[in-house]
Amino acid sequence: MSGLQNFKFESLHEDDQTAVSGWLQGHLLQHMKWWSEQIGPSWSDEHILEHLREHQLVEKEWSELWTDSHKEDRFVTVARSLEGKPLGVVWGSVRQDRYFRHYRGELNWICVEPQERRRGIAALLMDWADLWFKGREVRSYELFATGLNRSAIELYKKRGYKVVDVRMLRGAH
């Protein structure tokens with residue numbers, strides 16, 4: 001495991017909703033901006049935030065995280081300071097591979113508090129996920145990353161992930 005100190009891993013708590021919802025909003029804002037630029041027309045931050053509010057997308061994402069945190073084949077783990085402040089989150093699951101039929105670990109989302117980034121927390125969250133997966137006879141790992149999220153892709157490549165499939169978007173003309 002990586003060497004960051006002065007923090008702990010814990011399961012998701014109800015009182016994490018404010019911090020995690022803020023991260024979800026930032027994640028959706030950035031990704032929807034990237035996606036809308038590809039599909040066209042590009043959405044402004046204000047338009048995206050209004051869309052998130054109108055469709056309660058952050059609340060729906062939180063609800064899915066909260067539900068998954070209580071399932072046997074899924075986890076949502078929070079890295080916290082020793083004082084209990086949430087620093088980052090990792091959400092994963094185990095599924096049987098559709099074609100090879102072995103169990104595959106899926107990293108659904110990793111996010112670190114913006115002020116805490118570049119300190120190794122994401123790598124530690126991935127280490128924690130690896131340990132969780134090892135206890136479940138996982139033979140392969142999968143994650144999806146938006147091509148413009150270069151820092152995440154760099155981290156995943158350093159950890160042995162390879163680009164296999166590419167998702168492409170375009171608007172209807």
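This is a predicted model: local features need pLDDT of at least 70, side-chain atom pairs count only at pLDDT 80 or more; totals for chains, interfaces and linings use all residues.
Let me begin with the largest nonpolar core, which has 22 residues, and in which the residues with the most contacts inside the core include Val 90, Leu 107, Met 126 and Phe 133. Looking at where the core comes from, we find that β2, β3, β4, α4, β5 and α5 each supply at least two residues, while the largest share, 8 residues, comes from α4.

Now to the charged residues. Side chains of opposite charge can pair when their charged atoms come close, and in this model the count comes to 17 salt bridges.

One of these joins Lys 85 and Glu 116, at 3.7 Å from N to O, and this pair links distant parts of the chain, with Lys 85 in the loop between β2 and β3 and Glu 116 in the loop between β4 and α4, 31 residues apart. Lys 85 counts as partly exposed because its relative accessibility is 42%, whereas Glu 116, at 15%, counts as buried.

In another salt bridge, Glu 106 meets Arg 104 at 2.4 Å from N to O; Glu 106 is buried at 10% relative accessibility, and Arg 104 is buried at 12%. Through shared partners, salt bridges join Arg 95, Asp 97, Arg 104, Glu 106 and Glu 142 into one network.

Definitions and conventions. Residues are numbered from 1 along each chain as its sequence is written. Side-chain values use heavy atoms; hydrogens and water are left out. A nonpolar core is a set of buried Ala, Val, Leu, Ile, Met, Phe, Trp, Tyr and Cys residues joined through side-chain atoms within 4.5 Å. Buried means under 20% relative accessible area, exposed over 50%, partly exposed in between (1.4 Å probe, protein chains only). Helices (H or I, at least four residues) and strands (E, at least two) are DSSP runs, numbered from the N terminus. A salt bridge is a side-chain nitrogen of Lys or Arg within 4 Å of a carboxyl oxygen of Asp or Glu.
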